[in-house]
Amino acid sequence: MNEYIQKIKTVTEPLREQILHHKLYEAISDIDDLKIFMKYHVYAVWDFMSLLKSLQNSLTCVSVPWYPVGDGDTRHLINEIVLGEESDVDINGERKSHYEQYLDAMQQCGADISEIEAFTTELKRSGDFAAAYAAAQTPEKARAFVDFTFDTIRSNKVYLNSAIFTFGREDLIPGMFFSIVNDIDKKFPGSISIFKYYLERHIEVDGDHHSHLALQMTSNLCGSNEKFWQEAELATIKSLQKRIDLWDGAYQDLIKMKSEKPGLQNIK
C-alpha cells in the first residue's frame, strides 16, 4: 500500500473508530428513530453525488468540443465510479442514482422527504445555499456537513476533493454501514427492504470495487507531492469530524424525540 495512504489511515483511525461505533446506531430502535437518522443522512447522500460530479468535471472533459483531460487511468477510475453511483440498479431492477434510491427508501418507511426536496428545489432555483437551508429548515449539523463539502469543492484542489471522497466517503462507507445493517431488518420487517438493499449495495460495491478505485485515484492525483498529501490528510481529518458532528446532531434529535414520547422520558 502507498505509504502516504497508510499514514492517512493510521492518523485518522481514532476518528474512524468513533464513526464506526457511534452511539447513534444503538439508539435506533424503531421506525421513528430510523426516520430521524435518514433525515440527517440524506444530506450526506446528496452532497456525495455533488462531490462525485465535481471530480468528474475536473478529471474528464464534460464540455463540447471535447479534448482529452488528464491521464486515461484517472479518467477511467472516476467514470467507472460515476456509472455505478449515478445509474445503479435498484431493488426492482430499474436504473437510478443512489440518491434517488435513498429517497425511495425514505418514502417506504414513512420518512418525510419534503425537507430535502425543499432544499434541492430552492438551491436549483436560486443557487443560494443559505436560502435553501432556510426553505428546508435544514438542521445545523447537516448544514455544516454540506458547507464543508462545498468549501472543499470550491477550493479547486481536485486532490483534496479526491481525498475526502476516498477517506471520508468511499473508504469509510462499508464499515460504517455494517454497524447499522446487521439487525435492522429484524427490527423493521417489511418496512425497510429498499433501505436494506441500499445499504447492502453500498457494502458490496464500495467495500470492494469503488474503494479501491478511489484509493488509486487519490494516489494518482497526489503523486509524490508531500504538500498535497499533507493537505489531503488535514482535509480527511476535517471530513471525518464533520461526519461525527452530523451523527451527533442526529443522535441529539433522536434522544429529544424519545424523551417526549410517553413512558420514555428517562432514556439517555
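In the predicted model, Arg 243 lies over the face of Trp 247, at 5.2 Å from the ring centre, where a charge is taken to sit over a ring if NZ of Lys or CZ of Arg is within 6 Å of the ring centre and within 35 degrees of the ring normal. Because the model is predicted, local features need pLDDT of at least 70 and side-chain atom pairs count only at pLDDT 80 or more, whereas totals for chains, interfaces and linings use all residues. Residues are numbered from 1 along each chain as its sequence is written, and side-chain values use heavy atoms, with hydrogens and water left out.

Helix H3 (residues 31-59) packs against helix H6 (residues 114-126) at an angle of about 35°, the axes being 10 Å apart; helices are DSSP runs (H or I, at least four residues) numbered from the N terminus, and axes are lines fitted to C-alpha atoms over the stretch in contact, with angles running from 0 to 180 degrees between N-to-C directions. Lys 39, Val 42, Tyr 43 and Trp 46 of H3 meet Glu 115, Ile 116, Phe 119, Thr 120 and Leu 123 of H6, contact meaning heavy atoms within 4.5 Å. Tyr 43, Trp 46 and Phe 119 also belong to one aromatic cluster, together with Phe 129, Tyr 133 and Phe 150.

The count of aromatic pairs comes to 15, rings of Phe, Tyr and Trp (its six-membered ring) being paired if their centres lie within 6.5 Å, with planes under 30 degrees apart counted as stacked, over 60 as edge-to-face and the rest as tilted. Phe 48 and Phe 165 form a stacked pair, 5.1 Å centre to centre with 20° between the planes, and this pair links helix H3, which holds Phe 48, to helix H9 (residues 158-170), which holds Phe 165, across 117 residues. Phe 48 is buried at a relative accessible area of 6%, and Phe 165 is buried at 0%, where buried means under 20% relative accessible area, exposed over 50% and partly exposed in between (1.4 Å probe, protein chains only). Tyr 102 and Phe 195 form an edge-to-face pair, 5.9 Å centre to centre with 85° between the planes. Tyr 102 lies in helix H5 (residues 98-108) and Phe 195 in helix H12 (residues 193-222), so the pair ties together parts that are 93 residues apart in sequence. Tyr 102 is buried, at 0%, and Phe 195 is buried, at 1%.

Helix H9 also contains Ser 162, which is buried with a relative accessible area of 0%. Neighbours within four places in sequence aside, Ser 162 is in contact with Leu 55, Ala 214, Met 217, Thr 218 and Leu 221.

Definitions and conventions. Helices (H or I, at least four residues) and strands (E, at least two) are DSSP runs, numbered from the N terminus.
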